[in-house]
Amino acid sequence: MSASNAQVDHARIAAAKQGSWRPLPLISNRNLRWGLNLAALTYIVLVYYSVDINWARVAQGMDRAINFVGSFFTPDFVTRGGEIAVGLRESLTMTFVATVIGIALAIPVGLGAARNIAPRPVYFFCRTIIALSRTFQEIIIAILFVAMFGFGPLAGVFTLAFATIGFMAKLLAEDIEDAQNEPLEAIRATGAGWLQWINYAVQPQVMPRLIGLSLYRLDINFRESAVIGIVGAGGIGATLNTSINRYDYDTSAAVLLIIIGIVLMSEYLSGYVRKWTA
Amino acid sequence: MNESYKNNSEVCMLDLKGLTKRYATGDLALDNVDLTVPAGQVLALIGPSGAGKSTLIRCVNRLVEPTSGTIKLDGDDITKVRGNRLRQARRQIGMIFQNYALVERLSVMENVLSGRLAYVGFWRSYFRKFPQSDIAQAFRILERVGLETMIDKRGDALSGGQKQRVGIARALMQNPKLLLVDEPTASLDPKTSRQIMRLICELCTEQNLATIINIHDVALAQQFVHRVVGLRAGAIVYDGPPEGLTPEILTTIYGEEDWTTTHKDSDDEEKSDKKDVEAALLGGHP
């Protein structure tokens, strides 16, 4: 591009003239390039020798695994049907409420975290909220909220809403930063107020992505609700945990199949909605 | 048409004094620019890429903050105004963009009505409940630019020329006193370019608007405007009538080049259409 950083390699040019040309390597220093390759290879060899697998234990566990997988062919939806229904209803409620609350809170945070529309101090504040929310895995947050609010779905709702803020706000902010700048300038130039500017220039540009992400987060939250149930935050996860502890794998299989079914359904639904909002 | 190229009209709509812009990177984009534009005058701002044309018009409506100097719009100093007063100033300044800058997912009508945003409250604009007079005006302007049947089309469904017409309609909806036009024809074919330039110039004359048009196509500018200002490295190096753009002057503005294919007399507008297109193809975009 500029003359300063483009060293003309006469040998390469002469070779190209003869019809022989290879793309430039990613790392131009030959020693560094081979050094890195060698280091990667050494690492793989060392890893292979450092992992100590107890094959006897694997063989032992294999029985239980086969037992578990086998029960998928005989899932039992009926025996614990009542518990499954209650857990499922609780999970779906948790998921929905947490997603709505999470998105409602994520939108202002996302607006504040977009470098191209937010003043510097607001930007750093909102990025901090996002970082906090994203640092902690759902399980850790769930443990904290279970300690605060006690066992049950309330802790689950708070956990999922909190996790949703970080996820949605980050991706929304990135989409806003990718928005076309000219319409933003044009609406600003009309003398529109800040809220009008967001409504007319930013919202139309990010709305399809916002809807797509919301649906995606809805099914993440449903899956997560199954996981955080294990640490006491209610829902279908609690039902699943109980059944595993009782070695009642037929019921576990039923629960897992229901989770798979619901996630699949939301996958199809979000694909359809995204096509429709493009 | 060319009798008055300078401010001998009584209403001085825009008055720039010592306008200077130095970017944070240290680049001096505008160097002490003095410029006045009377109402009703169409002024073409020409100059090589990076000469500061875009910066100049963006300083006028404060999309870019000038480093020093003053900007007076119809007698009001708007150099430092903020908040509501800045919005009041901006709504008197229409702007037309190179890449149309429509909000593509909004309909044509919404795009045009967005020119009224500074005149209505947030909730009215949020629910798209614009006053009847605004909607009637939007329709009239769309009729004027020939798009009245497209009101419900989405911005991204239009051709380039149609998008630019919507952009013009949006700017006119502000009932501006001043029109800033940034490379209106850079993304358009030669025929559409002429139509758009003609439309802009007619509208400016009809509504007595002061207009600054940034433009690369010198021949096109010469054909339509009243006055040409040449910018080089952030400073004005030519200010005069379009027919004063001799090859020597063009060399001052752009640097050495063979100008004979672009230069032409401005009175043979009608027959020169074809010649001009050829000139454009042969390198009329310096």
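Guide: Start with a cut-off. A residue counts as buried if 20 or more other C-beta atoms lie within 10 Å of its own, with C-beta atoms placed from the backbone. Keep in mind that this is a predicted model.

Now take helix 1 of chain B. By that cut-off, 7 of its 8 residues are buried, so the helix is largely enclosed by the rest of the structure. The buried residues are K53(B), T55(B), L56(B), I57(B), R58(B), C59(B) and V60(B). After the helix comes R62(B), with a positive phi near 65°.

Next, the sheet. In chain B, 4 strands make an open sheet, ordered 2-1-4-5, with antiparallel pairing. Strand 2 (28-38) and strand 5 (76-77) of chain B are the edges; each has a single partner strand, so one side of each is left without a neighbour in the sheet. Strands of a sheet pair through backbone hydrogen bonds. Strand 1 (residues 12-22) of chain B joins strand 2 of chain B through 7 bridges, in the antiparallel sense. Within this pairing, R22(B) stands opposite L28(B).

Helix 1 (residues 53-60) of chain B packs on this sheet. The helix touches strand 1, strand 2 and strand 4 (68-73) of chain B. Its direction makes about 60° with that of strand 2 of chain B.

How far does the confidence go? Chain B averages a pLDDT of 87, and 87% of the residues score at least 70. Residues 265-275 of chain B fall below 50. Where pLDDT is low, the predicted coordinates should not be read in detail. For the complex, the predictor gives an ipTM of 0.84 and a pTM of 0.80.

How values were computed. Residues numbered from 1 in each chain as written. Chains lettered and ligands numbered in written order. Predicted model: local features only at pLDDT ≥ 70, side-chain atom pairs only at ≥ 80, totals over all residues. Pairing = 2+ DSSP bridges. Helix = DSSP H or I, 4+ residues; strand = E, 2+ residues; numbered from the N terminus. Contact = placed C-beta atoms within 7 Å. Axes fitted to C-alpha atoms, helices over the stretch in contact; angles between N-to-C directions. Buried ≥ 20, exposed ≤ 12 C-beta atoms within 10 Å, placed from the backbone. pLDDT = per-residue confidence, 0-100.
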